[in-house]
Amino acid sequence: MTNPTVEKIGGTSMSRFNEIKHNIFLRSQPDQSLYNRVFVVSAYAGITNLLLEHKKTGDAGVYSSFAEAENEHAWRKHLSNVRTAMLAINTEMFTDELSLQQANHFILERLNDAELCMENLQKLCAHGHFQVKSQLIRVREMLASLGEAHSAFNTVLMLKAQKVNARMIDLSGWNEPEPLPFDAMIEKHLSRAQPANELLIVTGYTHCEEGLMQTFDRGYSEMTFAKIATHLHAREAIIHKEYHLSSADPGVVGADCVLPIGRTNYDVADQLSNLGMEAIHPKAARGLRRQQIPLRIKNAFEPEHTGTLITQDYKNTRPCVEIIAGRKDVVGIEVFDQEMLGTPEYDIEISRLLNQLKLYTINKDADANTITYYVTGNRKMINRAVRLIEEQYPLAVVDLHNISVVSAIGSDMKVRGILAKTVAALSNASINIMALHQSVRQVEIQCIVAEEDYDAAIKALHAQLIEEENHGTVIRAA
């Protein structure tokens, strides 16, 4: 028996369980076996938002209301919303009464334990010797783990009803006496696993000594996925998404104009990650890359399609642009100060400040007396960054620009005149380029344009650099 595949299923796909049950879990392999696969599952769509806070809007969830402590009972209301949502999912999934009772009992027990823990912590911290702030990361981890435990338990319950030998691997650390190191936690729970004759369903959250959420926050499931793949020396790591990794966003360019990417490399995956369009978190990809484990991105709802295969050494058969991608929720923080020249500490200090405020820097550019940081993050933190920069450098003038980053990306873009074509495409579409970046390695060209020009810029570059170049035979999946 060959080494198993390790596969991750995202929350949006998990919420369409009846489809992925047939497309993925019950779909036999080339050897006609259902087994020799390990699945890392995310919480159902929207559940982690309810447990923590809404990822995009910032609307309060259980964790944020508990952390802000606006009033003593605010978090209980949000926890009640989580309970209602989880039980509704169970009711939709299970038609037989016994399975529904089992699913409800499991998650209600966890929710009640979490509520009691938070209540006791709140009481304890009413005394001056104990501070809630020092325990908040543990509360966040505990709450996050509930979503993955819920989906993993339900998946096993559903598969067993289909006569599949499925087993839940619970890495959430629930009721364990103390956290183990990340590697030790994986080793402990997988040491007796038998992927050859059982379907392993693993929680996307791993409770460990290092505290995954402190470093990766809500990217923790990809770290769990990658760690298991390297631990088991997977023959292939697979991520099931609700869409193909394509030459552009079909919602912007049009489904008829884009093509799924058949092959690319980890370098391209890193460029996409930098734009917030993660094929996989770069730190999760590191272990796969080092062990030379291929990564495949598949559309969970088109199981016949081979998807996108990502390897370390792949390079397109001829230099070209493979993907047009971008991000429009970007702010340019422009710092002008004529005292800046010859002071390298200037950039170091501001970069450190942005990092402390958890603002992600996509790119930056500089001339003699100006540095502009292109960042994403909470708008309150961006405004705070401006105030702190002005306090530290009183002679500086700090301006904010709402901008978009639009990129042409490829495993090899060393094409004569490609920069001129990029600029011409945007110019012909009457789009002003505010800044332009291309490195010597020539795997990406980043164009900074006004926020309102994002969609038009994506369309213009895709039409010029991909559609007109007729790259279909090069990048279409085999």
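Visitor: Where in this predicted model is the place of Leu200, and is Leu200 buried or exposed?
Guide: In this predicted model, Leu200 belongs to strand E4, residues 199-203. Its relative accessible area is 0%. Buried means under 20%, so Leu200 counts as buried.

Visitor: Which residues is Leu200 in contact with, leaving aside its neighbours within four places in sequence?
Guide: Leu200 is buried in the model. With the neighbours within four places in sequence set aside, the contacts of Leu200 are Arg37, Val38, Phe39, Arg167, Ile169, Leu190, Ala193 and Pro195.

Visitor: How far is Leu200 from Asp347, C-alpha to C-alpha?
Guide: Along the chain, Leu200 and Asp347 are 147 residues apart.

Visitor: Where does Cys257 lie, and how is its accessibility classed?
Guide: Cys257 is in the loop between helix H11 (250-253) and strand E6 (263-265). Its relative accessibility is 34%. Values between 20% and 50% fall in the middle class, so Cys257 is partly exposed.

Visitor: Which residues of helix H16 are buried, and why are they on the same side of H16?
Guide: In H16, residues 418-428, the buried residues are Ile418, Thr422, Ala425 and Leu426. They share a side of H16 because the arc they cover around the axis is only 90°. On the other side, Ala420 and Asn428 are exposed.

Visitor: What do the buried residues of H16 pack against?
Guide: Just after H16, Ser430 has a positive phi of about 60°. The partners of the buried residues of H16 are strand E13 (435-438), strand E14 (444-450) and helix H17 (454-467).

Visitor: Are helices H2 and H7 roughly parallel or roughly perpendicular to each other?
Guide: H2 (residues 17-25) and H7 (residues 136-161) have axes 12 Å apart, at an angle of about 65°. H2 passes H7 in a right-handed crossing. Angles of 65 to 115 degrees count as roughly perpendicular, and H2 and H7 are therefore roughly perpendicular.

Visitor: Which residues meet where H2 contacts H7, and what are their classes?
Guide: From H2 come Phe17, Lys21 and Phe25, which meet Thr155, Met158 and Leu159 in H7. By class, the contact of H2 with H7 has four nonpolar, one polar and one charged residues.

Visitor: Is H5 roughly parallel or roughly antiparallel to H7?
Guide: H5 (residues 74-93) packs with H7 at about 15°, the axes being 12 Å apart. That angle makes H5 roughly parallel to H7. Met86, Ile89, Asn90 and Met93 of H5 make the contact with Leu146, Gly147, His150, Asn154 and Met158 of H7. By class there are five nonpolar, four polar and no charged residues, in a contact between helices that are roughly parallel.

Visitor: How are H12 and H13 arranged, roughly parallel or roughly antiparallel?
Guide: The axes of H12 (residues 266-274) and H13 (residues 282-290) come within 10 Å and cross at roughly 170°. The contact is made by Tyr266, Asp270 and Ser273 of H12 and Pro282, Ala285, Leu288 and Arg289 of H13. Angles over 145 degrees count as roughly antiparallel, so H12 and H13 are roughly antiparallel.

Terms used: Residues are numbered from 1 along each chain as its sequence is written. This is a predicted model: local features need pLDDT of at least 70, side-chain atom pairs count only at pLDDT 80 or more; totals for chains, interfaces and linings use all residues. Side-chain values use heavy atoms; hydrogens and water are left out. Buried means under 20% relative accessible area, exposed over 50%, partly exposed in between (1.4 Å probe, protein chains only). Helices (H or I, at least four residues) and strands (E, at least two) are DSSP runs, numbered from the N terminus. The arc is that of the directions from the helix axis to the C-beta atoms. Contact means heavy atoms within 4.5 Å. Axes are lines fitted to C-alpha atoms, for helices over the stretch in contact, and angles run from 0 to 180 degrees between N-to-C directions. Angles under 35 degrees count as roughly parallel, over 145 as roughly antiparallel, 65 to 115 as roughly perpendicular and the rest as oblique. A crossing is left-handed if the near helix is turned anticlockwise from the far one by less than a right angle, and right-handed if clockwise. Ala, Val, Leu, Ile, Met, Phe, Trp, Tyr, Cys and Pro count as nonpolar, Asp, Glu, Lys and Arg as charged, and the others, Gly among them, as polar.
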